[in-house]
Amino acid sequence: DMIKRFKLKPGSLVSDIGSNDGTCLNFFKDQGMKVLGIDPAKEIAQKATKAGIETVDSFFSYDLALKLREKYGAANYITSHNACAHIDNLLDVVKGVEYWLDKDGVFVLEVGYLVDVIKNTWFDTIYHEHVDYHTVAPFEKLFEQVGMEVISVHRVAPQGGSIRIMAQKIGGKFQRDNSVNKLIALEKKLGLDKVETLLDFAIN
């Protein structure tokens, strides 16, 4: 359970990027935490706010993170469930996350895993709203660019196979576990670092 694992205490600030109706944040609110949703769908955001989960109706970005940190303080825990497959400029998003996070804060994002798409030929998960299909290795490099590090990765069931990636600021208080290297090794073995593999998948 994330609260225990990352030692989140009552009063911690928890945010969800792509929070929809605030269901995920409700759980943290019940544990006495301050919560803030971020969702660009205006009506849903207003509904969630009325229901007691304050929600900012905007796309998350570095510019927004500057304002959020100033208004609400540093976030202890930021999460994003499957919203990142719909984002063009992921670098700007992680740059914003890094800025908003407290020095010991954690970012947890869930995205569809390309390993599952290819192994099970789930071509029907490939459609115009999904801009990206992710593997762990490029995420390592992406986070490093903004001064963050991947500390753990879990494979989970949603979206026909997803990964839950946990990251912190470089030198943060949590230890990196061996799940990260294990999945990077699997991706290499499957040739997912080679463009030919993806071209073969497209043809077949």
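How many bridges join E5 to strand E7, and do they run parallel or antiparallel? Seven bridges join E5 to E7 (residues 162–169), and the two run antiparallel. The model is predicted: local features need pLDDT of at least 70, side-chain atom pairs count only at pLDDT 80 or more, and totals for chains, interfaces and linings use all residues. Residues are numbered from 1 along each chain as its sequence is written, and side-chain values use heavy atoms, with hydrogens and water left out.

**Strand pairing**
- Helices (H or I, at least four residues) and strands (E, at least two) are DSSP runs, numbered from the N terminus.
- Two strands pair if DSSP finds at least two bridges between them.
- Strand E4 (residues 75–81) is joined to strand E5 (residues 101–112) by six bridges, and these strands run parallel.
- Isoleucine 78 has phenylalanine 107 in E5 as its bridge partner.
- Valine 108 has methionine 166 in E7 as its bridge partner.

**Nonpolar cores**
- A nonpolar core is a set of buried Ala, Val, Leu, Ile, Met, Phe, Trp, Tyr and Cys residues joined through side-chain atoms within 4.5 Å.
- Buried means under 20% relative accessible area (1.4 Å probe, protein chains only); exposed means over 50%, partly exposed in between.
- The largest core has 36 residues, and Phe60, Val97, Trp100, Phe107 and Phe143 have the most contacts inside it.
- Helix H5 (residues 90–100) gives the most to this core, with five residues.
- Another core, of 16 residues, lies apart from it; Val14, Leu25, Val108 and Phe174 are among its members.
- Beyond neighbours within four places in sequence, phenylalanine 107 is in contact with residues including Ile17, Val94, Phe143 and Met166 (heavy atoms within 4.5 Å).

**Aromatic pairs**
- Rings of Phe, Tyr and Trp (its six-membered ring) pair if their centres lie within 6.5 Å; planes under 30 degrees apart count as stacked, over 60 as edge-to-face and the rest as tilted.
- The structure holds eight aromatic pairs.
- Phenylalanine 6 and phenylalanine 174 are edge-to-face, because their ring centres are 5.0 Å apart and their planes are at 85°.
- Phenylalanine 6 counts as buried at 5% relative accessibility, and phenylalanine 174 does at 13%.
- Phenylalanine 28 and tyrosine 77 are tilted, with centres 5.4 Å apart and planes at 40°.
- Phe6, Phe27, Phe28, Tyr77 and Phe174 form one aromatic cluster.

**Charges over rings**
- A charge sits over a ring if NZ of Lys or CZ of Arg is within 6 Å of the ring centre and within 35 degrees of the ring normal.
- Lysine 95 lies over the face of tyrosine 62, at 4.3 Å from the ring centre.
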